[in-house]
Amino acid sequence: MIPDTLTADTRNIHTLQTTAWWLYLFHAVCFLLTLGILSFVPLVLNYLARPKAAHTFVYSHHTWQIRSFWWYFVWGCIGSVLYITFIGIPGALIVWILAWGWYAYRLIAGFTTLDKHLPMPFPDH
């Protein structure tokens with residue numbers, strides 16, 4: 001007979017994984033519909049859910065999503081500064097396109113890795 005603690009742990013992991021999956025989806029919808037402007041909402045939810053996932057592979061996914069948001073935000077700001085200078089408009093467009101592609105990659109990579117029940121790389125750095 002399987003101990004109840006193992007079953008409870010399995011259910012807990014499944015719940016944590018489902019939460020991370022929905023947050024990936026929420027980030028993706030915000031990203032596609034608003035170019036990430038509303039992504040601060042799932043970001044806050046990531047910060048709230050991450051402590052509950054401590055010591056599991058799901059923790060690295062919350063960290064991955066949080067870092068993805070903040071780097072996308074930084075590159076968006078850099079593009080905005082370039083855009084304001086008018087001379088840098090072509091550079092701003094390049095920065096924004098590259099940031100968009102990078103963020104899309106991060107979301108897709110996270111979805112697929114979470115689906116395989118694997119942690120994201122470098123969760124502690």
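Me: Patches are made of residues with over 30% relative accessible area and no salt bridge, with like charges joined within 9 Å and nonpolar side chains (Val, Leu, Ile, Met, Phe, Trp, Tyr) within 5 Å. Which residues make the nonpolar surface patch here?

Reply: Phe26, Ile37, Leu38, Phe40, Val41, Val44, Leu45 and Leu48 make a patch of about 710 Å². Accessible areas come from the Shrake-Rupley method with a 1.4 Å probe, and for residues only the protein chains shown count as cover. A salt bridge is a side-chain nitrogen of Lys or Arg within 4 Å of a carboxyl oxygen of Asp or Glu.

Me: What kind of model is it?

Reply: This is a predicted model, where local features need pLDDT of at least 70 and side-chain atom pairs count only at pLDDT 80 or more, while totals for chains, interfaces and linings use all residues. Residues are numbered from 1 along each chain as its sequence is written, and side-chain values use heavy atoms, with hydrogens and water left out.

Me: How many helices and strands are in the protein chain?

Reply: Four helices and zero strands, running α-α-α-α from the N terminus. Both are DSSP runs numbered from the N terminus: helices are H or I with at least four residues, strands are E with at least two.

Me: Back to the patch. Which helix gives the largest share?

Reply: H2, with five residues. Val41 is in H2 and is partly exposed, at 32% relative accessible area. Buried means under 20%, exposed over 50%, and partly exposed in between, using a 1.4 Å probe and protein chains only.

Me: And which residues of H2 are buried?

Reply: In H2, residues 40-49, they are Pro42, Leu43, Asn46 and Ala49. These four sit on the same side of H2, because they cover an arc of only 130 degrees around the axis. That arc is taken from the directions from the helix axis to the C-beta atoms.

Me: What does Asn46 touch?

Reply: Leaving aside residues up to four places away in sequence, Asn46 touches Leu23, His27, His62, Gln65 and Ile66. Contact means heavy atoms within 4.5 Å. Asn46 has a relative accessible area of 0%.

Me: Which side chain does Asn46 make a polar contact with?

Reply: That of His62, at 2.9 Å. A polar contact is a pair of N or O atoms within 3.5 Å; within protein, one must be able to donate a hydrogen and the other to accept it, and residues adjacent in sequence count only if both atoms are side-chain atoms.

Me: New topic: is Leu32 buried or exposed?

Reply: Leu32, in H1 (residues 4-34), is exposed at 58%. Leu32 and Trp100 are 68 residues apart in sequence and 9.6 Å apart in space, C-alpha to C-alpha.
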